[in-house]
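Biologist: Hi, could you walk me through this one? I have some questions about side chains.

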Amino acid sequence: MSIFKLIIRIIYKMTQKTNVAIIGTQGLPARYGGFETLTNYLVEYLSDEFEITVYCSKTPKKNRLKSFNGAKLKYFPLKANGWQSMIYDFITIIHAYFTSKNLIILGFSGAFAFPFNRIFRKNIIFNIGGIEWKKVRGSKWSAGIEIRLKKWMEKLCVKNSQIVIIDNSSFEKYLIERYNIIPVLAEYGGDHATKIDISDSILTKYPFVDKPYDLTVSRAQEDMNIHMVIDAYKQLPERNVVIISNWHISDYGKKLFSENHERYANIILLPAIYDLEVLNSLRSNCEIYLHTHSLCGTAPSLVEAMSLNLAIVAFDVETNRATTEEKAIYFSNIESLINVLKGINPDEIMDNRNKMIDIASNRYNWKRISNIYKQHIV
């Protein structure tokens, strides 16, 4: 090989961007979900420096894009949720082994593909997403099997990854004790949530915004404790609460909705809202944001509410205390929630809002989060 060709090859390699694959989401553009939003901002902040491929789930051809914000989109004819998710993640991980040097894998559905990395020797950055086996629901018999399976899948992922990402500092002790590894903390950003004033159209559609109201957004699952909020506000007719949820996804949600919808003047139950402008308008103008999740890590909905400069009343668990740096107001049952709401005053609300926005500004911004991932790309 001539010296000239050698120089050309060296220059070519130096100018090539490092390949990064992002796996484990529906894809882009992000429509919902914490992992999709994370992917969106990793692409936004890192695509100038890296050659990013985002794997996307089953999408009609007419709706497919070749690229998004500088990232290549690669589609597979499988769904990212439900029973197909394990197959989807397995196939996309195997594909990425052949095409990318770095794999950012979100969630552990593709666990069975992780051991193959002993052959391919890629740099896997694995976001564990939470301690999933603790979220298992169902009968004692089926739950026992599911817990053992999820523990085993979690172990496969952790043991075959170069970097393990956690989204909440409360998970660190668990991973150190169970796997003898020190994980990397990278939460979620909330600075994409923007405050929006009440418009005439919002006032017409949601007339309750003309008076003070509290608000909560969550999935209709028992560990989201929506029932506690409803039962508390039944005893506080002087306070209005708006509860936004996908009521139809569970028997729990369907029962709560049928028993309480339009039964109490101060309790307003709304279906899930996916229009961010509408959702942010309703969130921006509430007095108190109630975060009721009990089994989440750093919940995107919570850091978004903090970024919107809202006062936070949160369910009292370690993860929520870590997210809010012990500076929110906490409740653990119906009685304590009633006492909090009865005793809180405007000065306390304002003080709490200031504390939450300070934390969010320093910790929960996407540029900072993206830089953490960047540090571990090789």
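Modeller: Happy to! At 24% relative accessibility, Arg 321 counts as partly exposed, where buried means under 20% relative accessible area, exposed over 50% and partly exposed in between, with a 1.4 Å probe and protein chains only. This is a predicted model, in which local features need pLDDT of at least 70, side-chain atom pairs count only at pLDDT 80 or more, and totals for chains, interfaces and linings use all residues. Residues are numbered from 1 along each chain as its sequence is written, and side-chain values use heavy atoms, with hydrogens and water left out.

Biologist: Which side chain meets Arg 321 in a salt bridge?

Modeller: That is Glu 326, at 2.7 Å from N to O. A salt bridge here is a side-chain nitrogen of Lys or Arg within 4 Å of a carboxyl oxygen of Asp or Glu.

Biologist: And how many salt bridges does that rule give?

Modeller: The count comes to 17. One of them joins Arg 239 and Glu 287, with the closest N and O atoms 3.3 Å apart. That pair links distant parts of the chain, 48 residues apart: Arg 239 is in the loop between helix H8 (226-234) and S10, and Glu 287 is in the loop between helix H10 (276-284) and strand S12 (288-291). Helices (H or I, at least four residues) and strands (E, at least two) are DSSP runs, numbered from the N terminus.

Biologist: Is Arg 239 buried or exposed?

Modeller: Arg 239 is buried, with a relative accessible area of 15%, while Glu 287 is partly exposed at 32%.

Biologist: What about Lys 355, which side chain does it meet in a salt bridge?

Modeller: Asp 351, at 3.2 Å from N to O. Both lie in helix H14 (residues 346-363), 4 residues apart, about one turn of the helix. There is also a network in which salt bridges that share partners join Glu 187, Glu 325, Lys 327, Arg 363 and Arg 368.

Biologist: Now Asp 167. Where does it lie?

Modeller: Asp 167 is in the loop between strand S7 (163-166) and helix H6 (172-179). Asp 167 is buried yet has no salt bridge, and the nearest side chain of opposite charge, Lys 135, is 7.2 Å away. For charge, Lys and Arg count as positive and Asp and Glu as negative, with His and the chain ends not counted.

Biologist: So which side chain makes a polar contact with Asp 167?

Modeller: Tyr 188, at 3.4 Å. A polar contact is a pair of N or O atoms within 3.5 Å; within protein, one must be able to donate a hydrogen and the other to accept it, and residues adjacent in sequence count only if both atoms are side-chain atoms.

Biologist: Thr 319 next. Which backbone oxygen lies 3.1 Å from a polar atom of its side chain?

Modeller: The one of Cys 296. Thr 319 is in helix H12 (residues 318-323) and is buried at 8% relative accessibility.

Biologist: How many disulfides turn up in the whole structure?

Modeller: The search finds 0, a disulfide being a pair of cysteine sulfur atoms within 2.5 Å. Cys 56 is buried at 1% relative accessibility, and Cys 157 is buried at 0%.

Biologist: Last one: in what sense do S10 and S11 pair?

Modeller: Strand S10 (residues 241-245) and S11 pair in the parallel sense over 5 bridges; pairing requires that DSSP finds at least two bridges between the strands. Leu 270 in S11 is the bridge partner of Ile 244, and 4 of the 5 residues of S11 (residues 267-271) are buried.
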